[in-house]
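Me: Hi! I've got a new model open and would like to talk it through with you. Could you take a look?

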Amino acid sequence: MLRHRRPVWFWYAVGAPAKLARILVTYRPVMEACGLTEPPSRLRMALAATTNRTAPRRVPRLTRLRFTASGLVLRIRMEPGQEVRDFETASERLRHSWRAYAVHVAALTPGWLQIKVVGYDVLRRVVMPKAPPPELLRVPVALRSDGSVHFRDFRTVPHELVMGATLSGKSVYLRGLVTGLAPQPVALVGIDCKWGVELAPFAPRLSALACAPEEAADLLDVLVEEMTQRYELIRGVQGLGSVPAESITSDIWGLPDELRPVPIVVVVDEVAELFLTASSADEKRRDQMVTQLIRIAQLGRAAGIYLEVCGQRFGAELGKGATALRAQLTGRISHRVNDETTAKMALGDISPSAVLAATAIAPEQRGVAVAGDSSGGWSLVRSPFTELADAVATCAEHAHLTPDVPGLTAFRPIPAATGLALVAADISADHKD
Ligand SMILES: Nc1ncnc2c1ncn2[C@@H]1O[C@H](COP(=O)(O)OP(=O)(O)OP(=O)(O)O)[C@@H](O)[C@H]1O
């Protein structure tokens, strides 16, 4: 992966035009050499026989070619008898034939497919493409190896598990996520049993923070209570006689704007700490916490409560409830892991090739991860490097947006009044400058 050391501008100035010329000139011979042609039709063969010639084999038609920041995208019409898997199997051969860094095949409509020819290693130095207008709860968190953007979309994938060995890039990934969510009307809740070292710097933008297992247990109880109240609200609105049939809702998103509670994103850093016990009293608390986490994972989506759970390892050996919780976390991100078992914990139920890809991430590829979801799809991604100072500055800048969730007030790390005072001080300092 770290072979191509040419700067990105080289791709625009030299690589892209050269690649275009190579593909156009060699398209037919490459298709033939890669076994992606089909025998001619009977009519063609008959016509050719009348002139004593041999009819050429049918080549899938290249109908469109588009430049992107990282390569070229070919739109291809397949010949009868071909399927997308033929091209997927040949992708390594196509890659070498066109001297590309990577080739990704994707199905379009029946009979059509797209081939992304990636010119260089886009994950070596992550440059995110121009951001589309921000959408609520949809944050561009990483770049995929095919040059497209990987979004953390809480409305599509409500809960996610982020795994990785120490120094693999989990915190940088979380920083990017928090930075993306900070300007949105979302309540951020942190559970960081590493004494708060990872999440406490974001305190101005957090509606609640727990830095010890005892606090985490209380906070989770409050979150479950909040979830229950939201369900009661939804049920109350459903029960109103005046509600037209088309407005009946089963989650907070169908509620009228003035009634809809603010979505809550709960970030749990180092989940294994929640499972650790030293005494039988701890065990009771642990069981209660895990049950509450599982309840949020099972029922939170409709109530607008989402989980982002991070850890170095997350398997059955953590104790009762660990596998049940993991099964509810649909989104999976696995950074470099120390052993295959850990990769299997994160990605085993997604695809064996995803497990292989995660175990192949080298220690120097910090921030590189395999992103998968339970649909079986996965891709290699890398988050852009976000400095802690930048993430902290974004949180301070948007401190005034921190929603006041009444149940969470006791856990708010910086009381609302102080947060506003900080912003006011910031603004007056800016004016003086
Ligand atoms: N996306 C990235 N791009 C470039 N460098 C990165 C990236 N992610 C991580 N790094 C580098 O790796 C270092 C460690 O990353 P990070 O602190 O996120 O690891 P971690 O998995 O949270 O480790 P720990 O579990 O020990 O806290 C960072 O300080 C940074 O230098």
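Me: What does the secondary structure of the protein chain come to?
Reply: There are 13 helices and 14 strands in the protein chain, where helices (H or I, at least four residues) and strands (E, at least two) are DSSP runs numbered from the N terminus. This is a predicted model, so local features need pLDDT of at least 70, side-chain atom pairs count only at pLDDT 80 or more, and totals for chains, interfaces and linings use all residues. Residues are numbered from 1 along each chain as its sequence is written.

Me: And which residues are closest to the ligand?
Reply: Those are Thr166, Gly169, Ser171, Val172 and Gly367, out of 13 residues that surround the ligand (C-beta atom, placed from the backbone, within 6 Å of it).

Me: Which helix gives the most to that shell?
Reply: Helix α5, residues 170–181, with three residues.

Me: Switching topic: where is Phe202 found?
Reply: Phe202 sits in the loop between β8 (187–192) and β9 (206–210).

Me: Buried or exposed?
Reply: Phe202 is buried, because 28 other C-beta atoms lie within 10 Å; the cut-offs are 20 or more for buried, 12 or fewer for exposed and partly exposed in between, with C-beta atoms placed from the backbone.

Me: What is Phe202 in contact with, leaving aside neighbours within four places in sequence?
Reply: Val178, Gly190, Ala391, Val392 and Cys395, where contact has C-beta atoms, placed from the backbone, within 7 Å. Phe202 and Cys395 are 193 residues apart in sequence, yet their C-alpha atoms are 5.8 Å apart in space.

Notes
Contact = placed C-beta atoms within 7 Å.
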